[in-house]
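Please consult the sequence and the model shown here alongside the text.

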Amino acid sequence: MSYNFTPGVDRSEPAALSRITSYDVDILEKTIRKQLDSLGLTDMFKGKRVVVKPNLVMKKSPDAAATTHPAVLEAMLRILKESAADILIAESPPGLYTESALKGFYNSCGITEVASRLGVKLNFDTSSREAALVDAKTAHGFELISPILDAEVIVNLAKLKSHALTKLSGTVKNYYGVIPGIQKVETHARFPDYSDFGSMLVDLCAYNVGSKPTFNLLDGIVGMEGNGPTGGTPKAVGCLISGRNPFSVDTIAAHIIGLDGVIMLDEAKARGFTADVDNINITSDEPLDSFVIKDFKLPDSVDKKGAHTSSIVLLSKLCGGRVYKWIQPRPVVDKQNCIGCGECYRSCPQKTIELMPIKGGNKKRAIIHDDNCIKCYCCQELCPIKAIKIKKNPLFKLIGG
């Protein structure tokens with residue numbers, strides 16, 4: 001499958017922002033309907049094959065704020081069932097992309113119960129196909145899951161979270177889940193450079209937005225702060241943001257939580273896919289700045305201003321890149337808490353993690369070999385018990401981290 005790579009929305013597309021502090025399904029449904037109406041999108045699902053793409057990054061309960069909340073899904077499904085010709089819930093979580101793995105994620109994240117009660121199908125087709133991104137800047141081809149390629153409309157249900165690598169996990173980053181299973185790990189290895197990885201995410205997101213209509217809904221009712229997207233803590237933000245343009249939706253979210261230097265958004269602005277937040281057409285009953293959270297905790301991997309260690313990167317460039325590699329925040333194993341489950345070992349793109357036997361027993365513990373580590377933080381993201389921490393070099397802290 002090939003497609004002439006152009007974003008399907010322009011930077012003038014409006015975005016909707018609403019105050020909402022509850023996961024009451026009736027309130028959510030009313031809020032989403034109001035946003036669709038304000039955006040002029042009430043008829044976009046009529047007679048269409050719609051695929052709903054949640055964020056199921058880990059087998060977590062909804063109160064962990066790591067995955068799409070079932071109440072948001074249910075509210076969206078109620079609306080879709082009124083006019084869509086067909087509805088399918090599809091996601092490719094980390095790890096093996098198999099029917100049994102999908103069942104585990106759907107069940108653990110509360111998706112199965114909602115789908116069953118509303119009579120909506122869950123995807124168990126684990127096939128994928130090649131997509132050629134003809135005019136992309138960095139990534140000119142991907143293997144993508146078939147349901148996404150076959151959809152006529154995509155509804156992207158994302159969660160507002162901090163992210164140790166990309167700084168923000170929102171609607172743009174949620175499209176990373178259309179790459180099947182462990183191929184996401186291979187993609188990290190394919191783009192080990194931070195800037196290239198961010199540019200690749202823009203390519204991937206813009207391809208999906210350009211190939212068919214999308215509705216991108218970001219749940220910021222309760223988000224995640226700190227070492228997200230799975231190892232952080234829940235944080236009440238109190239908003240719901242939506243629009244056809246995911247880059248604009250995420251730009252609003254970044255402003256609300258006080259996050260600068262998000263590589264995907266900077267790249268999207270440079271390409272003309274979105275604008276600075278002051279130039280985005282936002283429909284809302286309240287001023288944007290009334291939503292701003294001043295105490296949102298950022299990941300340990302970023303500097304105090306929320307940029308990607310900007311001063312250190314500049315210094316590193318002057319020294320041929322050696323300084324940044326030496327003092328960049330790195331993942332470390334908490335030896336007291338590691339249970340040797342092997343999740344980090346399986347998720348490491350560079351295969352730089354080993355499971356080593358512990359003396360005096362049959363248990364194992366993860367060991368990270370720093371020399372080959374590309375600081376993608378996949379191990380930290382996918383550790384089920386938060387036994388991977390992010391350690392800062394003292395010089396990193398001194399310069400601005």
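## Gln35, a buried residue

In this predicted model, Gln35 has a relative accessible area of 1%; as this is under the 20% cut-off, Gln35 is therefore classed as buried. The residue belongs to helix H1.

Leaving aside neighbours within four places in sequence, Gln35 is in contact with Ala16, Leu17 and Ser18, and also with Leu217, Leu240, Ile241 and Ser242.

## Packing of helices H1 and H2

Two packed helices are described by the angle between their axes and the distance between the axes. For helix H1 (residues 25–39) and helix H2 (residues 70–80), the angle is about 55° and the axes lie 8 Å apart. The two helices are therefore oblique to each other, and H1 passes H2 in a right-handed crossing.

On the H1 side, the contact involves Val25, Asp26, Leu28, Glu29, Ile32, Arg33 and Leu36. These residues meet Ala71, Val72, Glu74, Ala75, Met76, Arg78 and Ile79 of H2.

Cys376 is placed in the loop between strand S15 (364–368) and helix H14 (378–382). Is this residue buried or exposed? With a relative accessible area of 10%, Cys376 is buried.

When residues up to four places away in sequence are not counted, Cys376 touches Leu165, His188 and Pro349. The C-alpha atoms of Cys376 and Ala189 are separated by 9.0 Å, although these two residues are 187 residues apart along the chain.

Key: Residues are numbered from 1 along each chain as its sequence is written. This is a predicted model: local features need pLDDT of at least 70, side-chain atom pairs count only at pLDDT 80 or more; totals for chains, interfaces and linings use all residues. Side-chain values use heavy atoms; hydrogens and water are left out. Axes are lines fitted to C-alpha atoms, for helices over the stretch in contact, and angles run from 0 to 180 degrees between N-to-C directions. Helices (H or I, at least four residues) and strands (E, at least two) are DSSP runs, numbered from the N terminus. Angles under 35 degrees count as roughly parallel, over 145 as roughly antiparallel, 65 to 115 as roughly perpendicular and the rest as oblique. A crossing is left-handed if the near helix is turned anticlockwise from the far one by less than a right angle, and right-handed if clockwise. Contact means heavy atoms within 4.5 Å. Buried means under 20% relative accessible area, exposed over 50%, partly exposed in between (1.4 Å probe, protein chains only).
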